[in-house]
Amino acid sequence: MSQQITVTEHLLLHQKQVPMATGRFTRLFNELILSAKIIHREVSKAGLVDVLGFTGDINVQGEEVKKLDEFANRVLIHRLSRCGALCAMASEENADIIEIPDGLPTGDYFVIFDPLDGSSNIDANVSIGTIFSIYRRKSPSESRLLASDYLQKGADQVAAGYILYGSSCMMVFTTGDGVNGFTLDPSVGEFLLSHPNIRIPEQGSIYSVNEGYYHYWDKPTLDVLAHFKAASMTRKKPYSLRYIGSLVSDFHRNLVYGGIFLYPSDNRDPNKPGGKLRLMCEAAPMAFIVEQAGGLAIDGTRRILDIVPEHLHQRVPLFVGSKLDVEKVQEIYAATKQA
């Protein structure tokens with residue numbers, strides 16, 4: 001039965017089909033799995049221990065750091081640095097590349113992660129998650145790490161996924177051969193295959209966007225919104241608005257039911273003209289997952305996976321979800337540009 005297959009067994013079963021999936025790659029995943037279990041344990045008892053609230057620190061994004069954010073970040077850095085598969089790593093919470101401490105074994109993979117996406121929802125008991133993206137370095141192992149080793153376009157990802165800390169704890173990931181979901185069975189302490197070969201519906205019925213920023217959007221974005229709210233479209237009725245405010249949660253729901261998540265650029269903050277979401281630790285991994293499930297992801301005009309990052313914390317607009325819905329966004333943006 002598929003329910004009896006663990007993440008590690010699944011990786012080993014499919015290792016021959018996954019380029020560069022080695023024993024070190026499996027160890028890297030095992031450390032991600034262990035990190036997920038530790039973080040889930042703390043998330044599930046967050047209201048009972050002193051892990052809620054702010055630390056008083058400001059992260060590289062200029063946002064206040066929540067205690068659970070800090071905890072998740074520490075766990076991931078500590079565990080992943082010991083897997084022996086990494087040449088370096090990066091986190092949404094850290095300004096620079098995180099090097100592997102001296103004395104620990106290294107490898108040829110690079111991982112970047114958002115330790116706790118949606119953390120502003122922690123105190124409200126809303127689902128949050130961890131997003132991760134894995135690349136393989138391009139320069140020789142014995143040489144100095146280059147910017148080109150980690151500033152790679154999303155299409156070069158070896159694997160990407162997320163862990164959702166919700167009513168159940170789920171790990172959803174791809175290694176470039178489809179998308180599979182594993183649910184943590186607390187009775188045995190293992191992530192078991194629960195959602196094999198996930199496929200997103202070609203067209204959805206849900207749009208997810210923060211309409212509070214309506215007055216900060218440009219005309220193409222307003223035209224996109226009008227399309228999904230219109231009753232005269234192909235479906236003969238408007239899409240339903242569902243917005244949690246946690247990328248992992250909104251993305252996961254739309255992946256299962258079909259729909260589109262939108263985080264367009266806006267003119268609220270002149271320092272962030274390119275949107276809010278981070279290309280490398282949010283947009284690119286979600287784009288890789290959705291394309292492997294039959295969907296699409298763009299920044300309005302360009303395919304997200306084709307964008308080569310200029311720096312570690314680059315931001316981009318994001319439109320991700322069902323294929324026909326994202327294509328409609330692209331069509332509207334293109335028509336507005338030509339007008």
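Being four residues apart in helix α3 (residues 67-80), E70 and R74 are separated by about one helical turn, and their side chains meet in a salt bridge at 3.7 Å, N to O. The model is predicted: local features need pLDDT of at least 70, side-chain atom pairs count only at pLDDT 80 or more, and totals for chains, interfaces and linings use all residues. Residues are numbered from 1 along each chain as its sequence is written, and side-chain values use heavy atoms, with hydrogens and water left out.

**Salt bridges**

- A salt bridge requires a side-chain nitrogen of Lys or Arg within 4 Å of a carboxyl oxygen of Asp or Glu; the count by this rule is 17.
- E70 is partly exposed, with a relative accessible area of 30%, and R74 is likewise partly exposed at 48% (buried is under 20% relative accessible area, exposed over 50%, partly exposed in between, with a 1.4 Å probe and protein chains only).
- In helix α5 (residues 219-229), K219 and D223 are four residues apart, about one helical turn, and their side chains form a salt bridge at 2.8 Å, N to O.
- K219 counts as exposed at 54% relative accessibility, whereas D223 is partly exposed at 26%.
- R278 and E282 form a salt bridge at 3.6 Å, N to O, and both residues are buried.
- Salt bridges with shared partners join E92, R278 and E282 into one network.

- Helices (H or I, at least four residues) and strands (E, at least two) are DSSP runs, numbered from the N terminus.
- Seven of the seven residues of strand β7 (residues 159-165) are buried, so the strand is largely enclosed by the rest of the structure.
- A159, G161, I163 and Y165 point one way from β7, while A160, Y162 and L164 point the other way.
- Strand β6 (residues 128-136) pairs with β7 in the antiparallel sense over seven bridges (pairing needs at least two DSSP bridges), and I134 stands opposite A159.
- Six bridges join β7 to the antiparallel strand β8 (residues 169-174), with a hairpin of three residues between β7 and β8.
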